[in-house]
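Thank you for making the time this morning. I would like to walk through one model with you, so please have a look at the sequence and the structure before I go on.

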Amino acid sequence: MPKAQQQRLLNYATSIAKCPTETSAYGSCVSAQAERIKQGDCNAEFKKLIDCVTKNLKKKLKRANRLLTFYKYNYKFVPPFRVLVDGTFCNAALQEKLNLAEQIPKYLTEETHLMTTNCVIKELEKFGPLLYGALVIAKQFEIAECPHSTPKAASDCLAHLARRAASGKTKYLIATQDDELTEKLRTIVGTPIMYIKFKTVLLDNISEATKSGCSRDENEIKKLKELKKEILESKNVVEKKKKKKKKGGANPLSCKKKVMKASVETIRTGERTATGKRKRTKKKGTIAEE
């Protein structure tokens, strides 16, 4: 079976483990009529199980996207992501049969560079055959530069790089199963932590130190948004005052129709009366008035 297909099956197995009620109901339905079961007999139970599994798979990706978005906007994490891996993480991946080169980029949904340090490699070499598998995995990754000419403990080395990354341009996600190192990293502002659980890779919740580190920036952004809103509102008020009412044309209902009136015109003729005056005759005509 191809590795990609094996990994897909492991993801589904993890999601099924989170749906005990639906799994039990479907199993009971199948076992109750095992000898006489027909196609479609347990469709309702099977649909509920599939819905639960799909929901868990989507929830996992949404959670990773939400956490990464927080680090992107508050601590300037940009792809390609650099993931620093220690020996405990490699050993856990070996035990759970996880392919880190496939699993981590798929989980982060972005281009990812898996890295380790010389301190981690030297520490794994000291353990000899006990952690030989983890050493083989770690040697497949890029080597991140650390300032330790004399190798230090892997936890001290990764903690040092995390502190330097908090104030520098190069950002790291730290992947570890070491509880002591995890507690150290939670006190360092802006440090994402990855770990393996339920046969999959997960991002740790945002620490209180990381939240408090960006609270000042969030308050400033909030104030800028409020100020922008006030400026836009005042601008809209001014624009409304400037707008003048357009002059309308004449109301057709108020226009009067033309009325025809009779008028009289007098026309002089050449005839004269007995007294010698000229005789006038009247002629009717019409003119139009409004």
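This is a predicted model: local features need pLDDT of at least 70, side-chain atom pairs count only at pLDDT 80 or more; totals for chains, interfaces and linings use all residues.

Residues are numbered from 1 along each chain as its sequence is written, and side-chain values use heavy atoms, with hydrogens and water left out.

Helix α5 covers residues 100-108, and in it L100, Q103, I104, Y107 and L108 are buried, where buried means under 20% relative accessible area, exposed over 50% and partly exposed in between, with a 1.4 Å probe and protein chains only. Seen down the axis of α5, these buried residues fall within an arc of 115°, so they line one face of the helix; the arc is that of the directions from the helix axis to the C-beta atoms. An α-helix has 3.6 residues a turn, so residues three or four places apart point the same way. After α5 comes T109, which has a positive phi, near 55°.

Where does T117 lie? T117 sits in the loop between β2 (112-116) and α6 (118-127), helices being DSSP runs of H or I with at least four residues and strands runs of E with at least two, numbered from the N terminus. T117 is buried, at a relative accessible area of 0%, and, leaving aside neighbours within four places in sequence, T117 is in contact (heavy atoms within 4.5 Å) with L84, A144, C146, C157, L158 and L161.

Turning to the strands, β4 (residues 173-175) and β5 (residues 193-197) run parallel and are joined by two bridges, strands being paired if DSSP finds at least two bridges between them. I174 has I193 in β5 as its bridge partner. Together with helix α9 (residues 179-186), β4 and β5 make a right-handed β-α-β unit: with the strands pointing away from the viewer, the path from the first strand over the helix to the second runs clockwise. β5 also pairs with β6 (residues 200-203), in the antiparallel sense and over four bridges, and there the bridge partner of Y195 is L202 in β6. In the hairpin of β5 and β6, with two residues between the strands, F198 takes a positive phi near 55°.

Finally, the aromatic rings. How many aromatic pairs does a search of the whole structure find? The search finds four, where rings of Phe, Tyr and Trp (its six-membered ring) pair if their centres lie within 6.5 Å, and planes under 30 degrees apart count as stacked, over 60 as edge-to-face and the rest as tilted. F70 and Y71 form an edge-to-face pair, 5.5 Å centre to centre with 85° between the planes, whereas Y71 and Y75 form a tilted pair, at 6.4 Å and 45°. Y71 and Y75 are separated by about one helical turn, because they are four residues apart in helix α3 (residues 43-75). F70 is buried at 15% relative accessibility, and Y71 at 2%. F70, Y71, Y75 and F77 form one aromatic cluster.
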